[in-house]
Amino acid sequence: MNCKEVLGKMSEFLDAELMDTVCDQLREHLEKCEHCRIEVNTVRRTIEIFQQMECKSVPGHVHEKLFKTLRFDTIGDPEENK
Amino acid sequence: MTDYAKKTDVELVADVQGGDQAAYRFLVERYYRKIYNLALRLVRNSEDAEDVLQETFVSAYKALPNFKGQSAFGTWIYRIATNFGLMKLRGKKPVFVSLDEPRDNDMPNIELTDFSANPLEEVLDTELREKMEQAVSALPDDMRTVFLLRDVEGMSNAEVAEILDLSVPAVKSRLHRTRLQLREQLSRYFMERGGRSSQKAMNP
Ligand SMILES: [Zn+2]
């Protein structure tokens, strides 16, 4: 496997979607090619970083409006005993 | 009293279909935060994200009697939300202009910093998080959609393909291009950040 092929298959490699034989060829290349190692490591890290994207909380008024629209307020929300 | 919180999506869907409207509330509670976050990053403004959130759960409720469960409820609700989000975007400007030809060949061979060495917890600070939001927000609509569903929401290639009516290879190729693009941006960012911190070390 050459560098260009490695770059094309990186994503599938990281997602464990390559056939074992192809995977072994890729690993073999990585062992002797530092450039491709950095390529693969940085893409892996990129994925790891973006997996940590925050799940922000929903603003109170947005939540309230949604539950009103769906008429959940009539079922009785413990927080709405005003 | 029924303990809805312990029920699976499949059970809650069956409850709603059997006429128990209260069960829908628990499905909404399980997903509305995720849907809001997806919508916000997809449409990139809070007003439209709020609309998408509302439209998603209203139309899902109406469609639920016909939901046969061929796909998981989660996939189905993401599909509805994604479609509403894309409709919002289409109303604003043309989307899906970029096609799926591999562009790796004309990608300039930039100098990469190896930013993979430091522990994740060390690098993930407010500044990087801001950078990440900017980078995702700057992606073309089609790439952003695939990336959000696949890498941020953690869906499978097959699920994303189903949600977007794309083939699995098309999802993979878009995802690959997007990851490379985001990687270049992170690389540039970490290079600049490294420069800043070594400067600080020199002139404390
Ligand atoms: Zn190589």
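Predicted model: local features only at pLDDT ≥ 70, side-chain atom pairs only at ≥ 80, totals over all residues.
Student: What span does H3(A) reach from its first C-alpha to its last?
Tutor: H3(A) has 18 residues. At 1.5 Å a residue, 26 Å is expected. The helix comes close to that, reaching 26 Å.

Student: How many residues of chain B are in contact with chain A, and what area is buried between the two chains?
Tutor: On one side, 40 residues of chain A take part; on the other, 47 residues of chain B. Carbon and sulfur atoms give 63% of the buried area, which is about 4100 Å².

Student: Which three residues supply more of the area that chain A buries against chain B than any other three?
Tutor: Their share is 17% of what chain A buries there. They are A:Arg45, A:Phe50 and A:Met53.

Student: Which residue forms a salt bridge with A:Glu17?
Tutor: The count between chain A and chain B is eight salt bridges. In the one with A:Glu17, the closest N and O atoms are 3.9 Å apart, and the partner is B:Arg150.

Student: Which element gives the most to the side of chain A that touches chain B?
Tutor: Helix H1 (3–14), helix H3 (34–51) and helix H4 (60–69) of chain A each give two or more residues. With twelve residues, the one that gives the most is H3(A).

Key
Residues numbered from 1 in each chain as written. Chains lettered and ligands numbered in written order. Heavy atoms only, no water. Contact = heavy atoms within 4.5 Å. Buried area = accessible area lost by both parts, 1.4 Å probe. Salt bridge = Lys/Arg side-chain N within 4 Å of Asp/Glu carboxyl O. Helix = DSSP H or I, 4+ residues; strand = E, 2+ residues; numbered from the N terminus. Expected span 1.5 Å × (residues − 1).
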